[in-house]
Structure formats: structure tokens, C-alpha cells
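Notebook open, model on screen. I want to jot down what I looked up, one spot at a time.

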Amino acid sequence: MNICIGVDPSMNSSGIAILICNDNNEIVKEQFYIIKPDKLTKREQQANEKYKDFFKYVLYDKLDPAQATNNHDAEFWKTLNMISVVNNINVITHEYINEENNVFVLQEGISYGSSIRTKSIFDLAGLNYLLRNIFICNKNVKFTIATPSEIKKFTTGSGNCKKEQMVELFKLTHSDFDLPKLDDISDAYWMAKYAYKLMIDNI
């Protein structure tokens, strides 16, 4: 069985999309996850119940580095948060990764041109590389890293498109999927679809 997984890593809302193919390499099932800290809002709780057949919010206990009394603890807590996110992604994807499946994982690379603060870029880079290690070291995974512009171009034809355009395209085929925030799931979905294209192109 061929399985394509898209991973959009983030400290606050990591998106995961999993596309499961049949023997004819047709996508027959989609599964989505969002990993986020702390607790769910009422609307998120409702989404977990409403879409439980194909979607789930997964929580982790996030430590707040701003509450640390010294820089050593702050950095240590940030690292623990990264490890928590990576461990959750590993647990979710491990269900599909085995010797019986051909698993293709595509992870978004780091957006060095992003407008987010420099310190946040460093933290995201740390998470990104910790996660790469998980997939690179797994012999049952074919792992690819794609730049944000590469994924945008695959999705819309333009490497400079806005995230909103990708979300709108996602909504066209997932009109009944209503989450408080769709962009993380949308990004992960297009990564999984890109992994699917690469898989088909190389069969």
C-alpha cells in the first residue's frame, strides 16, 4: 500500500495530512491531524467529535519559556516543547510506517524569507531539523523536503501566492470541513498531494 504524508511543523499548530492509496494508486482515504498546545476551545472540541472519522486535534503540554527564571531554563523548556511536538508527530505517523507500506513523507522546509521574528525562525528551524532526523533515520520512509515556494507553485502555479489562495483551493474539495483555522491542514494537505505527485511520477 502506498501512503503519502504531508507535515507542516509548528510549535503552535502542526498540521499533518495522510493520503492512503489502493492497489491502483488511487487515493481512497484522507486522515488529518493538528498538534497544538494546552487545551481545546469549545469549537475545536466540537470539531474533534464532528470529524472524528478523519480528523483529530492532539494536545501537548507546552512550557512557557517566558515564565522561566533564567535563560538556561528558558532554552531547556523550548527544547522540551520541540521534543514534545516531534514525539507526537512520530506517534501519529508511526501507525502508517511499516515494512508492508510504501510511505512517502514530504515536510515543508524553513521559510527563511518569512516576516516572522528572527527568534521564532530559529525555534522553527530547531523543530524542523529534529523532525527531519525522525524520518531520515527510518528505513521504511522515503523522505523529501520541499521549500514553501515549491509547494505554493505546485498548488496554485505561483511560488509567490498567498496562503489564502491555497486554503480556498482546499475548500473546493473539502467544503464540509470547517475548522476554526484551516491553513495548517491546507498546507499539510498540499504537501501530501505533492508527495503523491512525486510518487506517481517515479513509479
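Entry 1: I started at L63, which sits in the loop between β4 and α2. Helices here are DSSP runs of H or I with at least four residues, strands are runs of E with at least two, and both are numbered from the N terminus. Before going further, I noted that this is a predicted model, where local features need pLDDT of at least 70, side-chain atom pairs count only at pLDDT 80 or more, and totals for chains, interfaces and linings use all residues. Residues are numbered from 1 along each chain as its sequence is written, and side-chain values use heavy atoms, with hydrogens and water left out.

For the record, buried means under 20% relative accessible area, exposed over 50%, and partly exposed in between (1.4 Å probe, protein chains only).

**Entry 2: K56.** Next I went to K56, in strand β4. K56 is partly exposed, with a relative accessible area of 45%. Which residues does K56 touch, leaving aside neighbours within four places in sequence? I found F32, Y33, I34 and N48 in contact with K56, contact being heavy atoms within 4.5 Å. Y33 is also the bridge partner of K56.

**Entry 3: the strands.** β3 pairs with β4 (residues 55–60) in the parallel sense, over 6 bridges. DSSP has to find at least two bridges before two strands count as paired. On β2 (residues 14–21), β3 (residues 27–37) runs antiparallel, joined by 8 bridges; A17 is partnered with F32 there. That hairpin has 5 residues between the strands, and N25 takes a positive phi near 60°.

β1 (residues 2–8) was my next stop. β1 runs antiparallel to β2 with 6 bridges, and 5 residues lie between them in a hairpin. β1 also pairs with β5 (residues 102–108), parallel, over 6 bridges. V7 has partners on both: I16 in β2 and Q107 in β5. How many residues of β1 are buried? I got 7 of 7, with N2, C4, G6 and D8 on one face and I3, I5 and V7 on the other.

**Entry 4: the whole thing.** I counted 6 helices and 6 strands. The radius of gyration (over C-alpha atoms) is 17 Å, close to the 17 Å from the globule rule for 203 residues, so the protein is as compact as a globular protein of that length; the rule is 2.2 Å times the number of residues to the power 0.38. Of the 203 residues, 46% count as buried.
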